[in-house]
Amino acid sequence: MKPAVTYELLHECKQTGARRGVVHTPHGDIQTPVFMPVGTQATVKSMTPEELKQEVQAQIILSNTYHLYLRPGEKIVKEAGGLHKFMNWDRPILTDCGGFQVFSLKDLRTITEEGVEFRSHLDGSKHFFSPEKVMQIEEDLGADIIMAFDECVEYPSTHEYTKQSMERTTRWAKRCKQAHTTENQALFGIIQGGFYEDLRKKSAEDLIELDLPGYAIGGISVGEPKEEFLKMLYYTAPLMPKDKPRYLMGVGTPDYLIESAIAGIDMCDCVLPTRIARNGTALTWNGKIVVRNATYERDWTPLDPNCDCYTCKNYTRAYIRHLIKANEILGVRLLSIHNLKFLTKLMERVRIEIEGDNLLNFKNEFYKQYGYTK
RNA sequence: GUGGAUGUGGCGUAGCUGGUUAACGCGCCAGUUUGUGGCACUGGAGACCGUGGGUUCGAAUCCCAUCUUCCACC
């Protein structure tokens, strides 16, 4: 039987080895490498699905098992006809398993082989996530791609703990595969192993044996220095199957996205563009600007002169600064549109440069213009 | 006119039985933000404590005068 989600490789950049491909899903194709906006609670904060399609041109969005389970509850979403219908989004959706959220609860959770007991951040009520439970929730939510329940260990962690945790994540992945019943959803495994190469290798090998339709790298981009991030990324990505989508979880700064593509990653997601939008910051081709700052009080130019997004075509930095200072919702919306569109355009460009076997040159050019030093 | 109250960073206040660098909220300035527990978090600047005099080793704190604003009464 054909998996719900498949990967088609179109071209490999001769300069870097980066992959230009297509991910086929029940809700349409995704041109890769791609950046996926995050809509934790069945909404990319402040954006309508129409804006995401028409203006941002998002190809796929994320949503979250933990949050939707707590509120409104996966049964409500199921009753609505699944996430796609519930939120009126007809393109692909990926649900994160809630592992990251549950483990970030720290004092509020207990891990056992069976699963994780945790308390809701909303009302303190007790809950239990097992691999089987998470599969049931993700199936009720109905995304195209569902993630296996894993543990994301924090940085830094000991080799011993990371090993234990990684092995458990692998056992949980097996249980997820067993519990997974729907045919129109693809279950992706998550490679763990922290910042230890031997553990990453082992994790990748054992998970690949399960022959899942896609794989992700989890547990990096968790606050480590950039050198550590790059080291793990470049070590782990080549271990992943060539004929399946490769997803790097939690990456969203422009430099990390370009590095990921070079490492052979196809998909990335991050809250960064929408989060910094809420705090008054814009990504531009010339670097990050905190438009909330006083310097922009009388700046009558757009956020980014090289941008053709709705925000940049119609509004000035001075106006957006005013909106953000005044805590007006529109400020957040305009910045979110811009930041998301910026990353869409960046990835579009990355795809073109891969096709032209020119990604490394582009990276150097971009770094220089953006202001990155290395 | 009489009596009472009030006056502290841009704004609103705390401190006022006298004792090291005057506190807080908002605002202001800046930084952070990487599988969203976030319209969040972390820093920072900014006050001759209405004015003038006095008591005291020492006064935003006590006394006197004066001005400001508010209230009450005739």
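Author: Helices (H or I, at least four residues) and strands (E, at least two) are DSSP runs numbered from the N terminus. This is a predicted model in which local features need pLDDT of at least 70 and side-chain atom pairs count only at pLDDT 80 or more, while totals for chains, interfaces and linings use all residues, and side-chain values use heavy atoms, with hydrogens and water left out. Residues are numbered from 1 along each chain as its sequence is written, with chains lettered from A and ligands numbered from 1 in the order in which they are written.

Reader: How many helices and strands are there in chain A?

Author: Chain A has 15 helices and 16 strands, and its C-alpha trace spans about 60 × 50 × 40 Å along the principal axes. Of the 374 residues in chain A, 57% are buried (under 20% relative accessible area, with exposed over 50% and partly exposed in between; 1.4 Å probe, protein chains only). Among its contacts (heavy atoms within 4.5 Å) between residues at least 6 apart in sequence, 67% join residues at least 24 apart.

Reader: Where does Lys244 lie, and is Lys244 buried or exposed?

Author: Lys244 sits in the loop that runs between α9 (226–236) and β13 (246–248), and with a relative accessible area of 13% this lysine counts as buried. Its side chain reaches the backbone oxygen of Leu212 at 2.8 Å, which is a polar contact (N or O atoms within 3.5 Å; within protein, one able to donate a hydrogen and the other to accept it, and residues adjacent in sequence counting only if both atoms are side-chain atoms). Once neighbours within four places in sequence are set aside, the residues in contact with Lys244 include Tyr7, Arg19, Asp211, Leu212 and Asp266.

Reader: Which residues does Thr65 touch?

Author: Leaving out residues up to four places away in sequence, the partners of Thr65 include Cys97, Phe129, Val134, Ile137 and Leu141. Thr65 belongs to helix α2 (residues 65–70) and is buried, with a relative accessible area of 0%. Although Thr65 and Ile137 are 72 residues apart along the chain, their C-alpha atoms are separated by 6.9 Å.

Reader: Which part of RNA strand B lies 2.8 Å from a polar side-chain atom of Arg275?

Author: That atom of Arg275 lies 2.8 Å from a phosphate oxygen of RNA strand B. A polar side-chain atom of Ser221 lies 2.5 Å from a sugar or linking oxygen, whereas an N or O atom in the side chain of Thr281 is 2.8 Å from a base oxygen.
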